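Me: I have a chain open here and want a quick walk through it. Can we start with the fold and go from there?

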Amino acid sequence: MHMVYMNNSVFRQLKIQKAKWALLFKTHTVSHQNRYKTFFQLSCFSYTSKHRENMKKIFLLSTAFALVLSFQACQTADKKSATTKDSVAGDTNMVNGNHATGAESTESGVDEAGATFLRKAAIGGIMEVEAAKIAQKNATSAEVKDFAAKMLTDHTKANTELKALAVNKKVITPDALPAEDQIHLDEMKKMTGIAFDKHYMVMMVTDHEKTVALFELGMQNRDQAIKSWAGNTLSVIESHDEMAKKIVTNMK
């Protein structure tokens with residue numbers, strides 16, 4: 001019986017100790033849970049704060065980078081715009097609203113007025129030569145054919161002189177006609193007989209009147225070589241003008 005009592009006593013002691021351990025474990029666990037919870041909240045708050053700061057820094061850096069790119073893009077656009085404006089403003093290769101082939105400018109030894117004169121004279125000279133070639137084939141009148149032959153000879157010579165002068169003055173002159181002039185010549189190729197003769201000679205009167213005015217302007221250029229060539233060639237052009245007017249008068 002004493003043994004039973006001892007067993008019961010031991011059992012009770014173990015039960016009490018178990019309860020203490022359970023309470024201690026429970027308390028310990030709750031304490032740690034609260035500690036972990038507090039630690040987790042503080043960590044989350046710290047992470048969130050740091051994350052917000054990092055995001056703020058990233059946003060500011062991104063904004064600054066975008067502004068730099070925009071500024072550079074604007075500078076590039078301004079430079080391109082300025083280049084385009086300068087190119088258009090300085091383009092003296094336009095003849096009757098067309099950009100003449102082969103008229104790209106190089107460093108010129110003459111002023112812009114002299115360079116423009118040489119380019120326009122080149123266009124006129126090419127036109128006279130090409131029209132004369134068509135007239136020799138399509139004209140009916142012997143007088144018109146003879147006139148075309150003289151035009152071909154005189155303007156071929158003048159064109160050669162002009163090209164040499166332009167090279168010496170570092171001015172690149174056109175080597176082809178503007179589109180509208182080429183279209184005109186193509187239409188003339190389809191004409192024959194008296195209709196062609198009248199059209200060609202009236203065209204010669206109109207063209208030579210304009211050419212006389214152009215060469216009179218060329219004679220006023222400050223470059224002595226241009227002035228001299230313009231004066232010598234003008235006398236030939238004036239003789240062409242007189243011949244053309246006389247032939248047109250006879251046709252009436």
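This is a predicted model: local features need pLDDT of at least 70, side-chain atom pairs count only at pLDDT 80 or more; totals for chains, interfaces and linings use all residues.

Me: How many helices and strands is that?
Reply: Six helices and two strands.

Me: OK, packing. How many residues are in the largest nonpolar core?
Reply: It has 24 residues. Those with the most contacts inside it are Phe147, Leu185, Phe196, Tyr200, Met201 and Met204.

Me: What does Met204 touch?
Reply: Glu128, Ala131, Phe147, Met151 and Ala244. That leaves aside its neighbours within four places in sequence.

Me: What about a second core, how many residues there?
Reply: That separate core has 19 residues, including Ala115, Phe117, Ala158 and Ala166.

Me: Switching to charges. Where does Asp181 sit?
Reply: In helix H4. Asp181 is buried, yet has no salt bridge.

Me: What is the nearest side chain of opposite charge, and how far away?
Reply: Lys210, at 8.4 Å. A salt bridge here needs the nitrogen within 4 Å of a carboxyl oxygen.

Me: So what does Asp181 touch?
Reply: Ile123 and Met127, not counting residues up to four places away in sequence.

Me: How many salt bridges does the rule give?
Reply: The count comes to 10. One of them joins the side chains of Lys157 and Glu161, at 2.6 Å, N to O.

Me: Where are those two, Lys157 and Glu161?
Reply: Both lie in helix H3, four residues apart, about one turn of the helix.

Me: Is that pair buried or exposed?
Reply: Lys157 is exposed, with a relative accessible area of 53%. Glu161 is partly exposed, at 31% relative accessibility.

Me: Give me one between loops. What does Asp223 pair with?
Reply: Lys169, in a salt bridge of 3.0 Å, N to O. Asp223 lies in the loop between H5 and H6, and Lys169 in the loop between H3 and H4, so the pair ties together parts that are 54 residues apart in sequence.

Me: Are Asp223 and Lys169 buried or exposed?
Reply: Asp223 is buried, with a relative accessible area of 12%. Lys169 also counts as buried, at 15% relative accessibility. The cut-off for buried is under 20%.

Me: And Glu187, which partner does it have?
Reply: The side chains of Glu187 and Lys190 meet in a salt bridge of 3.4 Å, N to O. Glu187 is partly exposed, with a relative accessible area of 42%. Lys190 counts as exposed, at 64%.

Me: Last one. Which residues are joined by salt bridges that share partners?
Reply: Glu209, Asp241 and Lys245 form one such network.

Key. Residues are numbered from 1 along each chain as its sequence is written. Side-chain values use heavy atoms; hydrogens and water are left out. A nonpolar core is a set of buried Ala, Val, Leu, Ile, Met, Phe, Trp, Tyr and Cys residues joined through side-chain atoms within 4.5 Å. Buried means under 20% relative accessible area, exposed over 50%, partly exposed in between (1.4 Å probe, protein chains only). Contact means heavy atoms within 4.5 Å. Lys and Arg count as positive and Asp and Glu as negative; His and the chain ends are not counted.
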